[in-house]
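This briefing covers one protein chain, from its overall make-up to a few side-chain arrangements. Please read it alongside the sequence and coordinates.

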Amino acid sequence: MVALMEAWSHLSAHLQQSNTEPAGTAEPSLDESTDDATTQLILSALKLAVRSLSRVPGSSSSTTYNSSANSSAKPAAQRSLALAAALAELYANGLPLDAASIAAGIVADAVDTAALHIRTVHAKLGQEVAGLVHDVLAVRHAPDKVEAYDDANSSALRSWLLSAYDVRACAIEVVWRWLGLAQPPEQIYKQQLLAMESLTIYCPLGHALGLGVCSTALEDSAFKV
């Protein structure tokens with residue numbers, strides 16, 4: 001409960017910042033019903049993620065993704081909340097994300113670690129969020145489809161991701177990779193694989209999506225491995 005309250009306090013501050021009107025503006029830019037819907041969706045996602053991921057051991061990694069940043073020592077719930085905070089900050093700074101994107105980012109790790117079923121996400125958060133979670137995990141596992149990260153394969157994979165999946169899902173995964181390399185897995189080979197995937201696939205993908213700051217930070221982290 002403490003983690004949930006702290007996470008919501010952090011997120012709401014960023015969301016309020018994004019909706020702050022300049023001095024002298026008579027009318028709000030978003031009506032109250034839109035604000036309420038955004039608040040309820042993100043808060044519901046936080047509750048679902050914290051409840052589900054609290055059952056996942058802190059050092060647990062994804063059962064299907066052996067290069068995942070989930071292998072870091074950071075507890076699973078904290079990783080999810082850190083992603084939510086980063087997405088909210090980007091949203092507040094004008095990146096064209098939305099409440100569904102933030103909600104999907106919050107619960108994606110829980111689905112990836114099998115702590116939460118995608119059908120539950122659909123039932124609790126709606127079809128749009130569930131669809132985004134599906135796309136986020138497809139983008140996350142996309143490197144499994146290539147055997148070598150040469151220029152031709154990497155370029156083809158990036159083009160496929162941008163054409164086959166929601167661009168919001170691609171943006172969420174770039175941010176997730178950036179946070180993952182900030183606290184990389186303990187195993188050296190996983191660090192190297194994560195860095196290689198980031199440099200050849202996700203950094204260029206981030207630049208194509210206008211995530212300049214995140215992509216540059218991801219590159220810097222990858223080169224340090």
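Does Tyr-165 count as buried or exposed? Tyr-165 has 17% relative accessibility and therefore counts as buried, since the cut-off for buried is under 20%. The model is a predicted one, and the points below are grouped by topic.

**Overall make-up**

- The chain contains 10 helices and 0 strands.
- Along the sequence, the pattern reads α-α-α-α-α-α-α-α-α-α.
- Of the 225 residues in the chain, 49% are buried.
- Taking contacts between residues at least 6 apart in sequence, 72% join residues at least 24 apart.

**The aromatic pair**

- The count of aromatic pairs comes to 1.
- This pair is formed by Trp-160 and Tyr-165, whose ring centres are 5.3 Å apart.
- Their planes stand at 80°, so the pair is edge-to-face; the cut-off for that class is over 60 degrees.

**Packing of α6 and α8**

- Two packed helices are described by the angle between their axes and the distance between the axes.
- Helix α6 spans residues 127–140 and helix α8 spans residues 167–182.
- The angle between α6 and α8 is about 55°, and their axes are 8 Å apart.
- The two helices, α6 and α8, are therefore oblique to each other.
- The crossing of α6 and α8 is right-handed.
- On the α6 side, the residues that meet α8 are Glu-128, Leu-132, Asp-135, Val-136, Val-139 and Arg-140.
- On the α8 side, the residues that meet α6 are Arg-168, Ala-169, Cys-170, Ile-172, Glu-173, Trp-176 and Arg-177.

**Arg-140 and Trp-176**

- Arg-140 of α6 and Trp-176 of α8 are both among the residues listed where these helices meet.
- Arg-140 lies over the face of Trp-176, at 3.4 Å from the ring centre.

**Glu-173**

- Glu-173 lies in helix α8 and is among the α8 residues that meet α6.
- With 0% relative accessibility, Glu-173 counts as buried.
- Apart from neighbours within four places in sequence, Glu-173 is in contact with Val-136, Val-139, Arg-140 and Tyr-202.
- Of these partners, Val-136, Val-139 and Arg-140 are among the α6 residues that meet α8.

Conventions:
Residues numbered from 1 in each chain as written. Predicted model: local features only at pLDDT ≥ 70, side-chain atom pairs only at ≥ 80, totals over all residues. Heavy atoms only, no water. Phe/Tyr/Trp six-rings, centres within 6.5 Å; stacked < 30°, edge-to-face > 60°. Buried < 20%, exposed > 50% of the residue type's maximum accessible area, 1.4 Å probe, protein only. Lys NZ or Arg CZ within 6 Å of the ring centre and 35° of its normal. Axes fitted to C-alpha atoms, helices over the stretch in contact; angles between N-to-C directions. Helix = DSSP H or I, 4+ residues; strand = E, 2+ residues; numbered from the N terminus. Parallel < 35°, antiparallel > 145°, perpendicular 65-115°, else oblique. Left-handed = near helix turned anticlockwise from the far one by under 90°. Contact = heavy atoms within 4.5 Å.
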